[in-house]
Amino acid sequence: MTDLTPLVGRESVLAMLDSEVDAGRDTVLVGVPGVGKTRLTAELGRRVVYLEETHLDRLLDELLQARPDAVVVDDAHVRLDDIRVLRRARRQADLSFVIVAPTWPDRADEVISALPGALRVEVDLLERADMNRLVTSVGVTGHRARAVVFGQADGRPGWALTLCRLLATGEGDRVVTGRAHLTNVERHLRRVTESETAVDTLACVAALGGASTETLYALAPLVGEPPASMSGLMERLARNGLVETVGDVWRLQPALRAPLVARWFFSTPAGRPWSTVCDAFPERSSALAAAVMSAARVSDSPAARAAAEAWVRALPAPADWDTDIFAVVSEYAQLDRRAAEFAVAAAHAVLDRPRDVHQISGVSVDLAGDAAVQQLIQSAERFLLPKAVSGLLDLAVGDHRPRHSTPQHPLRVLSDLAGIIDPDFGTKIEIRRILLRSTLDWLRTHCEASHWAVATEMLASIFTVEVSGNWTDPGAPNTVTLSRGIDTAEILAQLISWWEQVAAVLDAADERESLHGCPPSALVPLLDLALAWLRLGEGRSTGHAGPSEEQKRLGVEGGSRILGTLYSLLQASPGLALRAQRMLDSLRERDGTGRELPSFDVDPDLDAFVGRGWWSPLNVAGTAEQDQPLSAEALAQKIAELGPYDGVARFDELAEQSALAGDQAGGIRIADQLAPFLSDPSAWYEAAAAAGNPLLLRSALGQWLKAGPTMVPREILVRCLDDPDFRSGVISVVLGRAEIDAAAEFVIAAMRKEDVGLLDSLFVHDEPDEVLQRLLLHPIAAIASSAAVSFAVGQRYGPSLPEAWRPAWREAVQHMRVEDQPQHSQWRAGQLLGHLAESDPDLFESWFTERLAEMTDRGFFTPLEPHGCEANLATLPQTHRYRLAIRCAGLPRIGPSPLIQLVGPDRDLAERLLHEGEVTADRLLEVLSGQRNEILESLGPMLLDCGVPATHIAATVAWYDTWWGPDSARHQELIDYFTTLSTRVPALTAVAAAGRAQHESLLREAMQKERAERVRGD
């Protein structure tokens, strides 16, 4: 690493400095310590000399000899006398050099006073992207190393390079713990203030986790400072970038807190006894305990570790811990493996006993349980503790939340660990080894079916060929790297060698009693695992690069070995045997992979029950699509011939096995095919009801009603409607028929609001029938309106609406609450409302008025469903819009005002509303919300004439419903809009000027905020 490192991100500042030197003007470079002020002056080359304190006695001679263009007085705030001497020498010798004086922000005024007429040039913190270019240019490229450097340097290239040099010389531990950074900062701290208590004050603030003005006042007697000087010290340190204010609380730079606490309170000799802070601030015990843990983590101080252990020993039983204690214990658990074991044992103690559940905003929250789970996750991820892993496996039992959308699911956490790609180190086989041992140990003592389901899913994650990882680049935090691919051949070979451990457990399970053996459903993850290995052998990869020949060879070997272990277990389950055979068929059709593997015996009934279309994207069955309906019909007839009870039992057996085969339809197709063959539907109904089979019950009931509607006893219908498993089936049977009979009348009359989801397909009826008519007349509005939107009114599809039904239809539409309807009906409702606004505005007005009445009772207006339907208000005739505007004008609202569409650019309507006193000018201002269009151009001049301030109008029209992108771009877009507005509409010149002024100010604020975010890497 050379002494003169690359200068990055300073092009504009350097150009300004060059220009000032060329112009012969003195310059004060102002920037926080370490920001690179001195490095910037080095770019002036031979034209610059540096004023050394030891050379003042021969200053004039050296200036006459060198005749520089510029003289740099570094740390000018402590060399004000030298500046005066230099200026005097310049006058005496009639020299033309300029003085360049780097200084800190809190001392800049003093330096500028000593250099009258000097230009102040700000040297800002360097943005993260430029810091990344700098750090990587000197050889620090690792993900973690750069993250540590950026976090500590905080936009200061000088500090960053110091840390990089330490990393390069093998002092990474001092860098990672923050001790090196603290040494660097302490030097600056002692130069910032002459007070001996500055470091003491900062250490106390760091220990407390931050200090408000009140806290500083309470701290003053402890550190021996007048209260008035405490805030002054903090402000000076803030100007120099060492502290910041967050919500009126002073906080030290995060990277400094732990090392400063360790250095000041727990080193030898200590700067202050730790007990003095604890005694002075007993109410901050949790923050102080967290400070102890962080100090013990970043230092090897026995005193810090002793304080941490003393705090832990004083804790009550884990059952009495609150979330604050858990938070500190989480910090303690990061010290080492022993500390993590203590935290995991405490987490188990909490999870093993009943806990209080709190209600927060109607949601049940188990605060202690959640904290304990987080502790298990932390210790598993950090130390791979077996008890943490087993605890997560325990929690996974019965947890059916989807893995992909639940990052905190125990199995998601562990599977991510098994196949993780680390940005610095890639993949590690040791992680998989520890997880395998922990999982197998857990399975030996947890052998029920629910445990097997968890264990096999975990084993599939451990033996997966795929690995993945994602991370943000520390040098470009808005850039996310998604890495996915196949693990190395070396690791794949190691995994194959480990499979025998799993095979031994499966063989032992196969020899146990069925109560403790591996259930068929738990084998599915392992079968899918074998398929993944065989696909690798086929050459398929999830990454950009294809697998190597060695990886493909190992894929075939591993898949064959896994499938060989599972063969007897799979063959014992018809569903799994079918699934495995179709998997092999698919592979063989592609390229012959798996040709040498043994085939499975397949149950032909199950093969027909499942069908083939869903399995292979290659249509490997040839003409299966044409042949399959015949096969399904033959199977249905075969099941029907068994009789009701045996037939239902066979159907249930096939349905259970079809789920194992991967078929999610559950036999719907076969159940439909069965209906014509049910010679005694009432007997089949009784058999299906006894077995709890809703599919066959629906087919039997439908056939029963078809054979003789009056033959179905009322109590049968009541029983079906009262059973949640059968209710939707009996209603669907009735909805699928066209005629109304006593059974249909009874079922439709019994329908409730929650049944409306079954009405989403009424529009497929070819003709208006009696069932549709009864639904249209239903007393429940959601049901009647769902029937109403099914007609082909304002849309292409659906039955025609008979004229005789139109009054009932209009009433159903008027009472329609779109949010109560099923999804597709909501879309159709939107199409219908758009049609009514143009063709039947009276009905649309009635519908909207009824919705407004509901909102009036609620007390405020919110946008109606379907989303965007307010746009239809603009197409109504003026008389309709006038009446609705009066109703909306006084109603509080959430979101955009409907007056935007009701009044719009209609100046005549606006003037009428104002003249008749229906709205005030201020209320009418709502019409302009976000309307940078003809609405502003039409109504804006009128509102100005009515006395509405131009600033109010400008602020209202500048509103955005949504905005994607930086705020600065939004403000610039508005500045451009207001700039052209005055030319386009001279009557709005005052509004344009106000809007421009507002957003020029907001633009400056946004640019400052966005630059600070780029510095921090946010």
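# Exercises on a predicted model

In helix H33 (residues 681–691), the residues Pro681, Trp684, Tyr685, Ala687 and Ala688 are buried, where buried means under 20% relative accessible area, exposed over 50% and partly exposed in between, with a 1.4 Å probe and protein chains only. This is a predicted model, in which local features need pLDDT of at least 70 and side-chain atom pairs count only at pLDDT 80 or more, while totals for chains, interfaces and linings use all residues. Residues are numbered from 1 along each chain as its sequence is written, and side-chain values use heavy atoms, with hydrogens and water left out.

**Exercise 1.** Determine how the buried residues of H33 are placed around its axis.

*Solution.* Begin with the buried residues of H33, which are Pro681, Trp684, Tyr685, Ala687 and Ala688. They cover an arc of only 170° around the axis, which puts them on the same side of H33; the arc is that of the directions from the helix axis to the C-beta atoms. Helices (H or I, at least four residues) and strands (E, at least two) are DSSP runs, numbered from the N terminus.

**Exercise 2.** Classify the packing of helix H24 with helix H26, and list the residues in contact.

*Solution.* Two packed helices are described by the angle between their axes and the distance between the axes. The axes of H24 (residues 449–462) and H26 (residues 520–538) come within 7 Å and cross at roughly 10°, the axes being lines fitted to C-alpha atoms, for helices over the stretch in contact, with angles that run from 0 to 180 degrees between N-to-C directions. That makes H24 roughly parallel to H26, since angles under 35 degrees count as roughly parallel, over 145 as roughly antiparallel, 65 to 115 as roughly perpendicular and the rest as oblique. On the H24 side the contact (heavy atoms within 4.5 Å) is made by Trp452, Ala453, Thr456, Glu457, Leu459 and Ala460, and on the H26 side by Ala522, Pro525, Leu526 and Leu529.

**Exercise 3.** Carry out the corresponding analysis for H42 and H43.

*Solution.* The axes of H42 (residues 841–858) and H43 (residues 878–889) come within 11 Å and cross at roughly 0°, which makes H42 roughly parallel to H43. Pro841, Asp842, Glu845, Phe848, Thr849 and Leu852 of H42 meet His880, Arg883, Leu884, Arg887 and Cys888 of H43 in the contact. Threonine 862 is found in the loop between H42 and H43, and at 18% relative accessibility threonine 862 counts as buried. Leaving aside neighbours within four places in sequence, threonine 862 is in contact with Met855 and Ile894.

**Exercise 4.** Decide whether the ring pair of phenylalanine 844 and tryptophan 847 is stacked, edge-to-face or tilted.

*Solution.* Rings of Phe, Tyr and Trp (its six-membered ring) pair if their centres lie within 6.5 Å, and planes under 30 degrees apart count as stacked, over 60 as edge-to-face and the rest as tilted. By this rule the count comes to 15 aromatic pairs. The rings of phenylalanine 844 and tryptophan 847 have their centres 5.6 Å apart and their planes at 55°, so the pair is tilted. Both residues lie in helix H42, 3 residues apart, about one turn of the helix. Phenylalanine 844 counts as buried at 0% relative accessibility, and tryptophan 847 is buried with a relative accessible area of 1%.
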